[in-house]
Amino acid sequence: MAKIIAVGKSLSKYNVVISKNAITQKNLMAGLKAKNKILVITDSGIPKSFINDLKNILKKSKKKVYFYEIKEGEKSKSFSTYSKILSKLADLKFDRSDALIAFGGGVVGDITGFCAATFLRGIDFIQIPTTLLSQVDSSVGGKTAINIDQGKNLVGAFYNPRLVLISTKYIETLSDDEYKSGLGEVAKYAFIGNKKLYKYMQENSDLIKLKKPQALETIIEESIKSKAKIVTADEKEKGLRAILNFGHTFGHAIEAYKKYKGITHGAAVTLGMVIAAKISLYEGHIKSHQLDDMVNLLESLKLKTDHSNYSYENLKNYILNDKKVSRGKLNLVLINEKGIAFKTDKYNPKNLKKALS
Ligand SMILES: NC(=O)c1ccc[n+]([C@@H]2O[C@H](COP(=O)([O-])OP(=O)(O)OC[C@H]3O[C@@H](n4cnc5c(N)ncnc54)[C@H](O)[C@@H]3O)[C@@H](O)[C@H]2O)c1
């Protein structure tokens, strides 16, 4: 049975449907209805068999369906790709009764969403995320973006999809690194307050490592429930949403220090969560057994937790460049004894240095 989770408020509310067989004509039509033309954006790394399956499903819809493939990788989340997609939409004479489908990971989802948000001041789009990270994170919450030379995600819009369809079958072909990258984000939801997910991951790490469909459905559903609750309460990132950044200040610093090479986003965030948990311990918010539990869970999933390659000296410039710096003081997301995350600028900077020593 498919799981359905509602996200957002009133007009911009949308459903996330999760099941191994979520990608059906019936499910897709719920988000397309009277739409005439559809442009599916996908990338060169997505297995061709998945693209062919989607083509066959859409064929039955009797709508005009076009596919547009971008090159896989973060570099495609650029102004130049954005501009090419917009030109394609204009050439195909898309109007507001037409729609886009993002079929891929977070790169495809972010750029497709930004095209949808801005073409003709907004056309509909559907997310079909195909990586674990995009399934549990980027496809839900309405953040769309492209990168510019000065930084990642500096241009974008909050724009909700009409529908998100999540099939666990896409996870089967993911590389080990991409799978683990998503698992890091899943663990984040467990650490910032989803106790059910925490317990499930502790008790079922083997099933998760084996990518068993039932285990995947459970961790994806629980992750989205957590994210849905937070982004529905704070659609435009005015407050609560900050807790989703647990581990991200340090994770982003590690990614930037490594020049975005040789480490996935989720792997960097995983190290960032360990650092943030250590600061939480040194600040007296959690007990040492809680830090041990977190590290044990990450290690049981074969995620790397040793951040000794990244010293305070290595990371400090990147940390202080973070978007979370306000009036010269870095805001941190820490956790407390009850497993609740909170944003604070009240901490002893010595503890930050100690966590990175
Ligand atoms: N909008 C948000 O809220 C949000 C949140 C987190 C991350 N992001 C963004 O998401 C992006 C990262 O997303 P990602 O981790 O999905 O990376 P990605 O989109 O680059 O995908 C990773 C790789 O996996 C391949 N791939 C996709 N599906 C596959 C499948 N089923 N089988 C095999 N290979 C497959 C892709 O071709 C790509 O090479 C970043 O740009 C980041 O900024 C956005």
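Reader: How many bridges join β12 to β13, and do they run parallel or antiparallel?
Author: Four bridges join β12 (residues 332-335) to β13 (residues 341-344), and the two strands are antiparallel. Strands here are DSSP runs of E with at least two residues, helices are H or I runs of at least four, and both are numbered from the N terminus. Two strands pair if DSSP finds at least two bridges between them.

Reader: Ok, and before I go on, what kind of model is this?
Author: It's a predicted one: local features need pLDDT of at least 70, side-chain atom pairs count only at pLDDT 80 or more, and totals for chains, interfaces and linings use all residues. Residue numbers start from 1 along each chain as its sequence is written.

Reader: Back to that hairpin. Which residue in the turn has a positive phi?
Author: G339, at about 75°, and the hairpin has five residues between β12 and β13. Within the pair, L334 has F342 of β13 as its bridge partner.

Reader: What's the strand order in the seven-stranded sheet?
Author: β1-β2-β9-β6-β5-β3-β4, an open sheet with mixed pairing. β1 and β4 (64-70) are at the edges with a single partner strand each, so one side of each has no neighbour in the sheet. Twist from one strand to the next averages 20°.

Reader: β6 and β9, parallel or antiparallel?
Author: Parallel, with two bridges joining β6 (residues 124-129) to β9 (residues 163-166). Q127 is opposite V164 in β9.

Reader: Switching topic: where are the domain boundaries?
Author: Domain 1 is 3-173 and domain 2 is 176-355, with bounds from an automatic or database domain assignment. Their C-alpha centres are 26 Å apart.

Reader: How many residues are in contact across the two?
Author: 24 residues of domain 1 contact 25 of domain 2, where contact means C-beta atoms, placed from the backbone, within 7 Å. On the domain 1 side, β1 (3-7), β2 (14-18) and α5 (132-138) supply at least two residues each. The largest share, five residues, comes from α5.

Reader: And the ligand, which residues are closest?
Author: G45, G105, G106, T131 and S138, out of 30 residues that surround the ligand. A residue counts as near a molecule or strand if its C-beta atom, placed from the backbone, lies within 6 Å of it. α4 (106-118), α5, β8 (151-158) and α6 (176-191) are the elements that give two or more residues to the shell. Both domain 1 and domain 2 contribute to the shell, so the ligand lies between them.

Terms used. Axes fitted to C-alpha atoms, helices over the stretch in contact; angles between N-to-C directions.
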